[in-house]
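The following paragraphs lead through selected features of one chain. Please keep the sequence and the structure in view while reading.

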Amino acid sequence: MAKFVNKESLTQTLTEQLNLSKRDARNAVDLIFNEMSEALIVHGEIDISGFGKFEIFDRKERMGINPNTQEKIIVPSSNLPKFKASQTLKNKCNRK
């Protein structure tokens, strides 16, 4: 069965592995994700050695079609996070 990871499972792992209270573990997980989000917003890049790199990608304005009316619309530009896995993570994922 595949392993599912979310904030709650990370909190549980910290609680069990580091003997933290659930509250402290939840605060640690929230702190990490808040720091990562802030880094993307301010600097546009997160680089975690052995895991991968998150960068902000500038998606340009483009033409689109409203699926309900088939009317052509302009989709505004936006900034999106992109993830590129490190070679270490790629190797771990491809072990047989």
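At 39% relative accessibility, Phe83 counts as partly exposed, a class that lies between buried (under 20% relative accessible area) and exposed (over 50%), computed with a 1.4 Å probe and protein chains only. The model is predicted, so local features need pLDDT of at least 70 and side-chain atom pairs count only at pLDDT 80 or more, whereas totals for chains, interfaces and linings use all residues. Residues are numbered from 1 along each chain as its sequence is written, and side-chain values use heavy atoms, with hydrogens and water left out.

Phe83 is placed in strand 5 (residues 78-85); strands (E, at least two residues) and helices (H or I, at least four) are DSSP runs numbered from the N terminus. Phe54 and Phe83 form a tilted aromatic pair, with 4.8 Å from centre to centre and 45° between the planes. Rings of Phe, Tyr and Trp (its six-membered ring) pair if their centres lie within 6.5 Å; planes under 30 degrees apart count as stacked, over 60 as edge-to-face and the rest as tilted. This pair links distant parts of the chain, since Phe54 belongs to strand 2 and Phe83 to strand 5, 29 residues apart.

By the same rule, the count comes to two aromatic pairs. In the pair of Phe51 and Phe83, the ring centres are 5.5 Å apart and the planes stand at 50°, so this pair is tilted. Phe51 lies in the loop between strand 1 (45-48) and strand 2 (52-59), and Phe83 in strand 5, so the pair ties together parts that are 32 residues apart in sequence. Phe51 is partly exposed, its relative accessible area being 36%. Phe51, Phe54 and Phe83 form one aromatic cluster.

What makes up the nonpolar surface patch of about 240 Å²? Ile48, Phe51 and Phe83 make it.

Attention now turns to the helical part. Helix 1 (residues 7-18) has twelve residues and reaches 16 Å from its first C-alpha to its last, close to the 16 Å expected at 1.5 Å a residue. Just after helix 1, Asn19 takes a positive phi of about 55° although it is not a glycine. Asn19 is found in the loop between helix 1 and helix 2 (22-42) and is exposed, with a relative accessible area of 69%.

Gln70, too, is a residue other than glycine with a positive phi, near 60°. Gln70 lies in the loop between strand 3 (62-65) and strand 4 (72-75), and at 55% relative accessibility it counts as exposed.

Terms used: Expected span 1.5 Å × (residues − 1). Patch = residues over 30% accessible without salt bridge, like charges linked within 9 Å, V, L, I, M, F, W, Y side chains within 5 Å. Areas by Shrake-Rupley, 256 points an atom, 1.4 Å probe, with all protein chains shown as cover. Salt bridge = Lys/Arg side-chain N within 4 Å of Asp/Glu carboxyl O.
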